[in-house]
Amino acid sequence: MGLSTAEIEKRRWMLASTAFNSVLGLAKLGWAWWSGSLIVMADAVHSLSDVVGALLIYAAVRFSTHRSARFPLGLHKLEDLAAVLSGFAVLAAGYEILRSVLDVRDAPAAMPGLTGAFIAVLLVLQGVFFYAERRAAIRLSSPGLRSDAANWLGDIGAGFVVIIGVVAHALGLPYAEQIAVAIILLLILHGAWEVLHDGILSLLDAAAVGDERKLVLETLVHHPGVQTARDVILRRAGSALFLAATVEVVPSGLRAAHEVVDQLEATLRAKLPRLETVALHFEPAASAHRRNITLFEDDRQTLANRFGQAAWLRVEEAGPDADQVQSVWIANPYRGTTRGKGIKLAAWLIRQNAERVRFAPDTPLETALAELLESAGITLDAAPVDVDTHAPNRHEHGQDGA
């Protein structure tokens with residue numbers, strides 16, 4: 001199976017990030033060697049160390065879609081693991097920035113004007129790349145790209161520290177570095193928190209929340225043929241989403257219910273292309289009315305002990321209010337049939353959406369016939385019941401309908 005457009009784009013971003021970080025690190029290293037600036041040298045080492053983190057994230061993105069017998073759903077959580085490790089690296093970078101500021105008076109930058117201008121140009125390039133990559137990370141919902149963007153924010157912060165250190169040293173401004181660093185560190189900590197929070201929750205298999213879950217719930221309950229949805233579990237691994245849910249479908253036929261579920265899955269995948277798997281368990285929708293049918297002999301007193309030859313059928317229908325029960329007597333429309341009385345009556349009961357059918361305990365019932373009724377969701381109750389002989393008598397002759 002070929003790679004999706006999103007996967008290809010993520011890999012390209014990580015390759016671009018690795019290459020760009022390598023170029024910037026080498027440029028800073030060359031400037032530090034030429035100018036003799038120790039603070040630029042420290043920043044160059046910090047940039048080159050980020051290359052390792054970028055390669056780690058690229059490897060995670062590269063192998064996250066790999067499937068095998070041991071990992072049939074893929075290795076999507078590699079992206080979350082790389083994001084968490086990268087988040088801790090961002091925190092370490094914040095510490096290095098703070099330490100560099102504390103040491104800046106002991107190691108002032110040589111050629112402050114040129115050094116400041118050089119770092120400023122690099123900051124503009126880094127800022128453009130950071131903005132573009134963060135937008136791509138949000139659009140692709142990629143924790144790997146988000147963590148890499150947070151790394152770039154740390155690099156930008158380090159660049160500002162270098163410039164502030166150079167300017168503050170040249171002008172002799174007190175506390176300028178400390179104030180600027182405090183602001184930058186807050187931004188870095190915020191970025192690291194977002195990366196660590198999302199990555200750790202994904203590794204712990206926390207359910208996905210927010211707009212994606214809301215979209216899934218709205219799609220499930222508003223899809224034609226679906227009455228309600230329950231047991232909805234939406235979880236994230238890397239950039240992929242996994243959905244499992246139970247839906248109650250209105251169509252009673254198995255083929256029609258399958259068609260509803262297939263259409264529902266197609267709709268979900270169209271709205272959320274990141275859905276890796278969709279597991280929908282469907283059940284027949286519960287009716288607001290409960291219909292029980294009892295089989296009787298000619299006297300309407302004795303429970304029938306021959307299924308297909310029952311004389312009368314008493315249909316009891318209860319609405320949402322259990323105290324309101326309507327009872328109707330119907331003559332068995334298939335009693336006079338020469339052959340197939342039982343199967344024809346069973347088909348009639350299924351068409352009437354009966355939930356429970358009662359008859360005498362000693363009634364012989366073929367196994368295949370019993371399985372047919374039970375597969376249609378009808379409960380067979382071979383037990384005595386109280387008979388109300390004064391129930392309304394609206395149908396004295398066989399009719400194919402209740």
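A search of the whole structure, a predicted model, identified 14 salt bridges, each defined as a side-chain nitrogen of Lys or Arg within 4 Å of a carboxyl oxygen of Asp or Glu. In this predicted model, local features require pLDDT of at least 70 and side-chain atom pairs count only at pLDDT 80 or more, whereas totals for chains, interfaces and linings use all residues. Residues are numbered from 1 along each chain as its sequence is written, and side-chain values use heavy atoms, with hydrogens and water left out.

Arg230 forms salt bridges with Asp231, at 3.1 Å between the closest N and O atoms, and with Glu248, at 3.7 Å. Arg230 lies in strand E1 (residues 226-237) and Glu248 in strand E2 (residues 240-249), so this pair ties together parts that are 18 residues apart in sequence; strands (E, at least two residues) and helices (H or I, at least four) are DSSP runs, numbered from the N terminus. Glu248 is buried, at 14% relative accessible area, whereas Asp231 is exposed at 53% (buried, under 20%; exposed, over 50%; partly exposed, in between; 1.4 Å probe, protein chains only).

Within helix H8 (residues 254-271), Arg269 and Glu265 are four residues apart, about one turn of the helix, and their side chains meet in a salt bridge of 3.2 Å, N to O. Arg269 is partly exposed, at 32% relative accessibility. Salt bridges with shared partners also join Arg314, Glu316, Arg356, Arg358 and Asp381 into one network.
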